[in-house]
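Trainee: I have a structure open and would like to go through a few of its local features with you. Could we take them one at a time?
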Amino acid sequence: MNKSELQQHDREHLLHPFTDFNDLGQQGTRVITRAEGAYITDIDGTRLLDGMSGLWCCNLGYSRKEISDAIYQQLNTLPFYNSFFQCTTVPSIELADALAEVTPAHMNNVFFTGSGSEANDTNLRLIRRFWDLQDKAEKRIVISRKNGYHGSTIAGASLGGMSGMHKQFQPLDYIEHVQQPYWFAEGGDMSPEEFGIQAARSLDEKIQELGPEKVAAFIAEPIQGAGGVVIPPETYWPEVKKVLEQYDILLVMDEVIFGFGRTGEWFGADYYGIKPDLMTFAKAVTNGYFPLGGTMVSDRVAEVIKSKGGEFTHGYTYSAHPAACMAGLATINILRNEKIIENVRDVTGPYLAKRWAELAEHPIVGEARSLGMVGALELVKDKGSRARFDDDCTAGSVCRDLSIKHGLVMRAVGDAMVIAPPLIITTEQVDELVEKAHRALDDTAKALA
Ligand code: PLP
């Protein structure tokens, strides 16, 4: 099929996730056919620097044959077996071991799933089981944050705080949402530090309003990814930690985006020095090459589930899929052997921070923030007042399309332009990324003038 035939068939038969069907009808899909290193190539042969690592997942880029070989070899040896009913496979044991080594020291058990959404469903099941087994059945409510993203199943989307998603289904009624630590959008006249404390206090207030004895857990991304790379002020996490400890509320850290090196540490929890009770992962665990997710379970929670529990009536056919586990092992080996995360922490992360910060000088950029291998630019009409261009988030989508024209994939979250390039990006490629982003900003300014 040629390009237009492919697009026609796509329109006729494929229901795309998170895609406006009107836009799709008018513009057609971009057909990506190849990828190598940090670049993707479309059906016209156009090569783009992938500033989003696929969907925040190909942290090692697209050319790691060790991972595809590991998957292939496993498929030829034992393509499937399940981990239900006292069965197991060698890859699942080896990956569980490796995860226990690279995750925080107090996390030594894993429950495997097929995705991040399924892992957050699993978290809800584990949280309930944990409190029930300790005769605290009244602890039922889970608190999450506005504009957080935790997946797209009913549980994931209920936990998430995306109002656009909530409008299209009936969210679970035992999930409550509190303020996000998004200083640029919501901090007003406060300093980031003051605002960080205030956002954490809003969690305290919500707990008091609901009754601490009824609150089971708080779930949050270390940095909100899909919400626009919302990097919390430094005061936020230490204060949240105090609040949760005070009321004995479990902390679920959703590391689906930030796990496996994106901050320059293995996990966001390491970066912020936090000890979560449960930790969701997916995406980069297999470098995006094979579906796999899971939740790391702290010793405190695992002890209750294992010693008091008997059967945990939960599981997915593809929990601990052997080929996925081999992909995970190969990925962790590369991250370790090639010191990829240390390189982000010491070399490419600081370099990106320096170059990305230069974009704050651009007339339509209100803030340029970054950490490790993520960044965001806030597009504004007026820097002083942080006023946006319009209410329809058009500036973001204009900039995204112009960025693609300049050979760079950035994502628009409203009017925040977001990047999460592969961790293997070189300093020369960081230069290329920043220069392309700059050109996209110039053209956006012209288009919106
Ligand atoms: N949690 C976070 C923080 C995510 O960013 C995502 C996906 O982007 C998910 C959960 C859901 O993961 P999946 O799409 O694999 O279900």
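Trainee: Which residues does Gly114 touch, not counting residues up to four places away in sequence?
Mentor: Bear in mind that this is a predicted model. Leaving out residues up to four places away in sequence, Gly114 touches Pro291, Leu292, Gly293, Tyr316 and Tyr318.
Trainee: And where does Gly114 lie?
Mentor: Gly114 lies in the loop that runs between β4 (107–113) and α6 (116–132). In C-alpha to C-alpha terms Gly114 is 7.3 Å from Gly294 in space, although the two are 180 residues apart in sequence.
Trainee: Is Gly114 buried or exposed?
Mentor: Gly114 counts as buried, because it has 20 C-beta neighbours inside 10 Å, and the cut-off for that class is 20 or more.
Trainee: Switching to the ligand, how many residues surround it, and which are the closest?
Mentor: The ligand is surrounded by 16 residues, of which the closest are Ser115, Gly116, Ser117, Gly151 and Val256.
Trainee: Which element gives the largest share of that shell, and what is its make-up by class?
Mentor: The largest share comes from α6, which contributes 3 residues, while by class the shell has 5 nonpolar, 9 polar and 2 charged residues.
Trainee: Now the backbone: what is the phi of Val229, and where does Val229 lie?
Mentor: Val229 is not a glycine, yet it has a positive phi of about 50°, and it lies in the loop between β7 (215–220) and α11 (236–247). Val229 is also buried, because 23 other C-beta atoms lie within 10 Å.
Trainee: What about Lys283, is it buried or exposed?
Mentor: Lys283 is buried, with 27 other C-beta atoms within 10 Å. Its place is in the loop between β9 (278–281) and β10 (293–298), and Lys283 has a positive phi of about 40° although it is not a glycine.
Trainee: Last topic, helix packing: at roughly what angle do the axes of α15 and α17 cross?
Mentor: The axes of α15 (residues 340–358) and α17 (residues 427–448) cross at roughly 20° and come within 10 Å. Angles under 35 degrees count as roughly parallel, so α15 is roughly parallel to α17. In handedness, α15 passes α17 in a right-handed crossing.
Trainee: Which residues meet there?
Mentor: From α15, Thr348, Tyr351, Leu352, Arg355, Trp356 and Glu358 meet Thr427, Val430, Asp431 and Val434 of α17. The residues of this contact divide into 5 nonpolar, 2 polar and 3 charged.

Terms used: Residues numbered from 1 in each chain as written. Predicted model: local features only at pLDDT ≥ 70, side-chain atom pairs only at ≥ 80, totals over all residues. Axes fitted to C-alpha atoms, helices over the stretch in contact; angles between N-to-C directions. Helix = DSSP H or I, 4+ residues; strand = E, 2+ residues; numbered from the N terminus. Parallel < 35°, antiparallel > 145°, perpendicular 65-115°, else oblique. Left-handed = near helix turned anticlockwise from the far one by under 90°. Contact = placed C-beta atoms within 7 Å. Nonpolar A, V, L, I, M, F, W, Y, C, P; charged D, E, K, R; others polar. Buried ≥ 20, exposed ≤ 12 C-beta atoms within 10 Å, placed from the backbone. Near = placed C-beta within 6 Å.
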